[in-house]
Structures are given as structure tokens and as C-alpha cells.
Amino acid sequence: MMYILKKYKIKIILITIIIVITSIFAYFSNSENSLFKKSKIVIIPNQLYEILNVIDGDTFDIKVDDKKVRVRMLGIDTPETVDPRKPLQCFGKEASDNTKKILLNHFVSLKTDFNQPSIDKYNRLLAYIYDENGLLINRYLLENGFAREYTYGSPYSKQKEFKKLEKEAKKKKLGLWGECASTSPSNINKYLQEL
């Protein structure tokens, strides 16, 4: 009988230790003070950041405090070129090449939007991008037909302006609005449905 009680106590102690360790791990992994929490990226307004790499027409990497940070341009979407789940979309290569031409070997400043989260679900920084001369790259891509307006979740502060720029680019058949529509009447609708 004594042997069974001793064995039972050991099992209780082991189970208690496992529960305590699991609880501690869960607390620290979900806590604001988490030891495992990703470090928060601090973007300083008007500071210029080096472009390290351009992923596609609306996504690139910058250098922040010797770390690589992925950035997604806020309020726009360019046709896909690198998403393995989607085929190369009409005007995707042109949009990507144009963004590379504008950004590679340059510096940019970034501005987040108070109406949007600063980080998206893929852990990319969401921002408006300005070149060294103050040109808003997001706006430039829209008004020249390299991108369409894109609202993720709630409206952002430049949404009305960006929708107007997209409408004007469509009307003038600039970039993807001319190229994709002329290739096949259904291409532009197919592009929009894939998004």
C-alpha cells in the first residue's frame, strides 16, 4: 500500500511540474512583457532608410538599425510576380521592374497611417513611401497605372485620393489598365478577381 501511495505522489508531483512549466511558458509567450515577443520596429519620421531589396511592385526590404525589415506599401496593390499560389499576373513584371528602378540603390523615408495598424498579418511594416526628393511612391505607382488602390480592413487617410488616382489612370488606360485590358477584355477582371 505504501508503494502505491509513493508512486501516486510522484505522478502528482510530475503532473504539477508539467502544468507549472506549461503555464509559465504560455504566460511569457503571450504577455506584453514576453521574452519571446518580436522586437518592435521604430520608424523615425523623415529619416532616410536604405533599400536592401525589392521583392515586387509593392514590397521591399529596408535597413533599420542593422536589421532587415520588410515593408508593404500602404493603400496600393501591384499585380503578383512572386506569390507561389498565383500565376504571374498581367503587368506584374512591369510594375516590379518599375519599383526596382525607382527604389534600388536609393533611400526612402516612411510614414505610417494612424487609421491602420503599422504591421500587417505577415509581419510587414505598412507605410507610405517617400523618395529622397519627397515623391510619394505609392501615389506615383497609382497615377501611372502600375498599381490599383487597395484597402485592407478599415479605410486609411489617403483612401479617397488613391481611389481618385486609380479612376483617372483607368480612364487614361495607363499601365495595367491599358495593357491588360487590351490583351484580353477579361484579363483585368481576372486580375481583380485573383486578389
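Reader: In which loop is the place of N123?

Author: N123 sits in the loop between β5 and β6, where helices (H or I, at least four residues) and strands (E, at least two) are DSSP runs, numbered from the N terminus. The model is a predicted one, in which local features need pLDDT of at least 70 and side-chain atom pairs count only at pLDDT 80 or more, while totals for chains, interfaces and linings use all residues. Residues are numbered from 1 along each chain as its sequence is written, and side-chain values use heavy atoms, with hydrogens and water left out.

Reader: What makes N123 count as partly exposed?

Author: Buried means under 20% relative accessible area, exposed means over 50%, and partly exposed lies in between (1.4 Å probe, protein chains only). N123 has 43% relative accessibility, and therefore counts as partly exposed. N46, in the loop between α1 (2-30) and β1, has 72% relative accessibility and therefore counts as exposed.

Reader: What is the phi of N123, and what is that of N46?

Author: N123 has a positive phi of about 65 degrees although it is not a glycine, and N46, also a residue other than glycine, has a positive phi near 70 degrees. Most residues other than glycine have a negative phi.

Reader: How do you know that the span of helix α2 agrees with its number of residues?

Author: The expected span of a helix is 1.5 Å times one less than its number of residues. For the 12 residues of α2 (residues 92-103) this gives 16 Å, and because the end C-alpha atoms are 16 Å apart, the span agrees.

Reader: Which residues of α2 are buried, and what puts them on the same side of the helix?

Author: The buried residues of α2 are G92, A95, S96, N98, T99, I102 and L103. They cover an arc of only 160 degrees around the axis, which puts them on the same side of α2; the arc is that of the directions from the helix axis to the C-beta atoms. An α-helix has 3.6 residues a turn, so residues three or four places apart point the same way. On the other side of α2, K93 and K101 are exposed.

Reader: What do the buried residues of α2 pack against, and what does N98 touch?

Author: The buried residues of α2 pack against β1 (49-56), β2 (59-64), β3 (67-73), β5 (107-111) and α3 (137-143). N98 has 8% relative accessibility and therefore counts as buried. Not counting residues up to four places away in sequence, N98 touches Y140, L141 and F146, where contact means heavy atoms within 4.5 Å.

Reader: Why is D61 called buried, and which residues does D61 touch?

Author: The relative accessible area of D61, which is placed in strand β2, is 1%, so D61 is buried. Leaving out residues up to four places away in sequence, D61 touches E50, I51, L52, N53, I55, K68, V69 and R70.

Reader: Why is the link of C90 and C180 called a disulfide?

Author: A disulfide is a pair of cysteine sulfur atoms within 2.5 Å; the S to S distance of C90 and C180 is 2.2 Å, and therefore the pair meets that cut-off. The link is left-handed, with -110 degrees about the S-S bond. C90 is partly exposed, because its relative accessible area is 21%, whereas C180 is buried, at 0%.

Reader: What makes a set of residues a nonpolar core, and how many residues has the largest one?

Author: A nonpolar core is a set of buried Ala, Val, Leu, Ile, Met, Phe, Trp, Tyr and Cys residues joined through side-chain atoms within 4.5 Å. The largest has 37 residues, and those with the most contacts inside it are F60, I62, L103, L110 and I129. Strand β6 (residues 125-130) gives the most to this core, with 6 residues.

Reader: Where is the pLDDT below 50?

Author: pLDDT is the predictor's confidence in each residue, from 0 to 100, and its mean over the protein chain is 85, with 82% of the residues reaching 70 or more. Over residues 30-37 the pLDDT is below 50, and over residues 184-195 it stays under 50. Where pLDDT is low, the predicted coordinates should not be read in detail.
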